[in-house]
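Take a look at the model below.

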Amino acid sequence: MTRRGEHRGRRARRPDIFGPTRPNVGSTARDHLANERTYLAWHRTGISVAALGVAVAKFAPDRGGHAVAAGLILMGAGLLVSAYGTLRYRAVDRQLESGQFAPATFAAIATTTIVTLLALVAVAVLL
């Protein structure tokens with residue numbers, strides 16, 4: 001008879017398949033999970049903007065090269081958002097591990113400003 005959690009003839013799955021475990025003292029788990037949720041939100045936004053670019057390039061009626069250019073601009077903006085989200089996620093993870101935190105004031109504002117300007121350029125190209 002096997003004990004609960006043991007599998008006969010199979011190796012038990014390692015508990016750290018997603019990386020090393022960390023002690024959950026204070027708000028460690030909550031902070032890391034919040035960082036992960038924020039990263040996924042940045043990534044989801046980037047994918048949405050890129051998908052909008054694909055839709056504009058593919059389905060804008062009677063726009064030809066202008067629709068493709070606007071779509072490419074939006075796809076680039078989406079990739080920029082995803083790239084920033086990835087860089088920010090990694091930076092915050094390192095900061096949380098070291099016990100420090102620096103809010104992203106300039107980088108977040110710069111990224112959102114650039115993406116907004118790129119979206120406005122894409123709209124202008126379509127007009």
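Predicted model: local features only at pLDDT ≥ 70, side-chain atom pairs only at ≥ 80, totals over all residues.

## Helix lengths

Helix α1 covers residues 28-59, which makes 32 residues.

Helix α2 runs over residues 65-98 and has 34 residues. From its first C-alpha to its last, α2 reaches 50 Å, close to the 50 Å expected at 1.5 Å a residue. Just after α2 comes Gly99, with a positive phi of about 85°.

## The chain as a whole

The chain holds three helices and zero strands. From the N terminus on, its elements run α-α-α. Of the 127 residues in the chain, 22% are buried. Now consider contacts between residues at least 6 apart in sequence: 68% of these join residues at least 24 apart.

## How the helices pack

Two packed helices are described by the angle between their axes and the distance between the axes. The table gives both for two pairs.

| Helix pair | Angle between axes | Distance between axes |
|---|---|---|
| α1 and α2 | about 170° | 6 Å |
| α2 and α3 | roughly 170° | within 8 Å |

Which way do α1 and α2 run relative to each other, roughly parallel or roughly antiparallel? Angles over 145 degrees count as roughly antiparallel. The angle for α1 and α2 is about 170°, and the pair is therefore roughly antiparallel. By class, the contact of α1 with α2 has 20 nonpolar, 11 polar and four charged residues.

The same cut-off settles the second pair: α2 and α3 are therefore roughly antiparallel to each other. On the α2 side, the contact includes Ala70, Ile73, Leu74 and Ala77. On the α3 side, it includes Val115, Leu118, Ala122 and Leu126. By class, the contact of α2 with α3 has 19 nonpolar, two polar and no charged residues.

The buried residues of α1 are His32, Asn35, Trp42, Gly46, Val49, Ala50, Gly53 and Val56. They pack against α2 and α3, the latter covering 106-126. An α-helix has 3.6 residues a turn, so residues three or four places apart point the same way.

In soluble globular proteins, nonpolar side chains tend to be buried together. Here the largest nonpolar core has 13 residues, and Val56, Ala70, Leu74 and Leu126 touch the most other members. Each of α1, α2 and α3 supplies at least two residues of this core. The largest share, six residues, comes from α2.

What does Ala70 touch, leaving aside its neighbours within four places in sequence? Ala70 is in contact with Val56, Ala122, Val125 and Leu126.

Arg37 lies in helix α1. Is Arg37 buried or exposed? Its relative accessibility is 51%, so Arg37 counts as exposed, because the exposed class starts over 50%. The C-alpha atoms of Arg37 and Tyr89 are separated by 9.6 Å, although the two residues are 52 residues apart along the chain.

Thr45 also lies in helix α1. With a relative accessible area of 42%, Thr45 is partly exposed.

Note on methods: Residues numbered from 1 in each chain as written. Heavy atoms only, no water. Helix = DSSP H or I, 4+ residues; strand = E, 2+ residues; numbered from the N terminus. Expected span 1.5 Å × (residues − 1). Buried < 20%, exposed > 50% of the residue type's maximum accessible area, 1.4 Å probe, protein only. Contact = heavy atoms within 4.5 Å. Core = buried A, V, L, I, M, F, W, Y, C linked by side-chain atoms within 4.5 Å. Axes fitted to C-alpha atoms, helices over the stretch in contact; angles between N-to-C directions. Parallel < 35°, antiparallel > 145°, perpendicular 65-115°, else oblique. Nonpolar A, V, L, I, M, F, W, Y, C, P; charged D, E, K, R; others polar.
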